[in-house]
Amino acid sequence: MSKKDFYSTLGVSRSADADEIKKSYRKLAMKFHPDKNPGDKKSEDKFKEITEAYEVLGDTKKRELYDQFGFAGANQGFGGGAGGPGPGAGFGGSYSGGQEGFNDLFGDIFGDIFGAGGGRPGTGGPRAQRRQRGADLRYTLNIAMEEAALGAERTIAFVRSRNNREENAKLSVKIPAGVAQGQRLKLANEGDGSQMGGPSGDLYVIINIQEHSLFKREEDDVLLDLPIAYTEAILGIMAEVPTLTNKISLKIPPGTHSGQVFRIKGKGFPKMGGFGTGDMLVRVIVDIPMNVSGRQKELVEELSKAPSETPLVKAFKEKVQQAMKNKR
């Protein structure tokens, strides 16, 4: 089967929480389960697809890897180990690679298919009751672009439920260098407490990188528009260019065109996983003044009388002449 986006397979958005993912999977599993569609190969294949997707998106750690690395992360981190087959195992096999609560969910599905007392086939009866864990929480953390590039440590304050009452909590959050917009940082067992004697839920810190007045981010590269005067574009200059960490000198050669891009190696965002650093792309914007003084106008008019037709202008004029000939 060809690989599809796991979120699309389950019909949920990338921002869907655990409950949304679970509900969508349960609905689809009930619809396409082979025991409800005997002999239907398409339903069996669809059931395998949604089960593979849920084994990844229903598990917090696996979902984090998938969000960061896609199917490359899936191939590295989602396979079944010695304990059993990985995602996509046959519908009659073991799903030992799944997340906590996966077998419980299957118990619910099989119970609906075979009757309230049926349980999963081969289990010998109804599924065992598990202690319910506390709810997961989400916290949106606004950070500056420099913090995203260099890494930082921030203290957050939030409200959670513990021992059947609300409490104010403060936690220190380490932001890794190179963190991406919308990336989730997991703080295990820092969510709501359980009312059933089970483990506490987790806290997910969602990174929101605020817009910068100078820079834009494109994957791991940093983009900067650098305005220069038209005289500087003609004669060339050594421009002082800001980066995310300091200032550097960049040589703008004579005859630089507006829109020309200069690449500065290693001045972008660190790549997650320690695989190098992105670059900084400086796009030159030649600023043409709307108003000039009398003397400036005289100098420009004098310059325009000199033979200064560039190869680009000359080639364009020749193309125009040829096009006009062809119309005759």
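Asp279 sits in the loop between strand S10 and strand S11 (280-287), where helices (H or I, at least four residues) and strands (E, at least two) are DSSP runs numbered from the N terminus. The model is a predicted one, so local features need pLDDT of at least 70 and side-chain atom pairs count only at pLDDT 80 or more, while totals for chains, interfaces and linings use all residues. Residues are numbered from 1 along each chain as its sequence is written, and side-chain values use heavy atoms, with hydrogens and water left out.

Asp279 is buried, with a relative accessible area of 10%; buried means under 20% relative accessible area, exposed over 50%, and partly exposed in between (1.4 Å probe, protein chains only). Its side chain makes a polar contact with the side chain of Arg263, at 2.9 Å. A polar contact here is a pair of N or O atoms within 3.5 Å; within protein, one must be able to donate a hydrogen and the other to accept it, and residues adjacent in sequence count only if both atoms are side-chain atoms. Setting aside residues up to four places away in sequence, Asp279 touches a whole group, including Asp220, Asp221, Val222, Arg263 and Ile264. Contact means heavy atoms within 4.5 Å.

S6 pairs with strand S7 (residues 221-229) in the antiparallel sense, over 4 bridges. One detail of that pairing is that Glu218 has Asp221 in S7 as its bridge partner.

Another antiparallel pairing is that of strand S8 (residues 237-242) and strand S9 (residues 247-252), joined by 6 bridges. A hairpin of 4 residues leads from S8 to S9, and Glu240 stands opposite Ser249 in S9.

Strand S3 (residues 165-175) holds Glu166. Glu166 is exposed, with a relative accessible area of 67%. Apart from neighbours within four places in sequence, Glu166 is in contact with Val159, Arg160 and Ser161. Glu166 and Asp192 lie 26 residues apart in sequence and 9.0 Å apart in space, C-alpha to C-alpha.

Now for the helices. Helix H2 (residues 18-32) has 15 residues and reaches 21 Å from its first C-alpha to its last, close to the expected 21 Å; the expected span is 1.5 Å times one less than the number of residues. Asp17 caps the N-terminal end of H2, with a side-chain oxygen 3.3 Å from the backbone nitrogen of Asp19. Among the buried residues of H2 are Ile21, Tyr25, Leu28 and Phe32.

Helix H3 (residues 41-57) has 17 residues, and its end C-alpha atoms are 24 Å apart, in agreement with the 24 Å it should span. Of those 17 residues, 12 are buried, so H3 is largely enclosed by the rest of the structure. The buried ones include Phe47, Ile50, Tyr54 and Leu57.

The structure holds 3 aromatic pairs; rings of Phe, Tyr and Trp (its six-membered ring) pair if their centres lie within 6.5 Å, and planes under 30 degrees apart count as stacked, over 60 as edge-to-face and the rest as tilted. Tyr7 and Tyr66 form a tilted pair, 6.1 Å centre to centre with 40° between the planes. Tyr7 lies in helix H1 (residues 6-10) and Tyr66 in helix H4 (residues 60-77), so the pair ties together parts that are 59 residues apart in sequence. Both Tyr7 and Tyr66 are buried. Tyr25 and Tyr54 make a stacked pair, 4.4 Å centre to centre with 10° between the planes. This pair links H2 with H3 across 29 residues, and Tyr25 and Tyr54 are both buried. Ring pairs also link Phe6, Tyr7 and Tyr66 into a cluster.

As for the whole protein, there are 9 helices and 11 strands, and 35% of the 328 residues count as buried.

Methods: Pairing = 2+ DSSP bridges.
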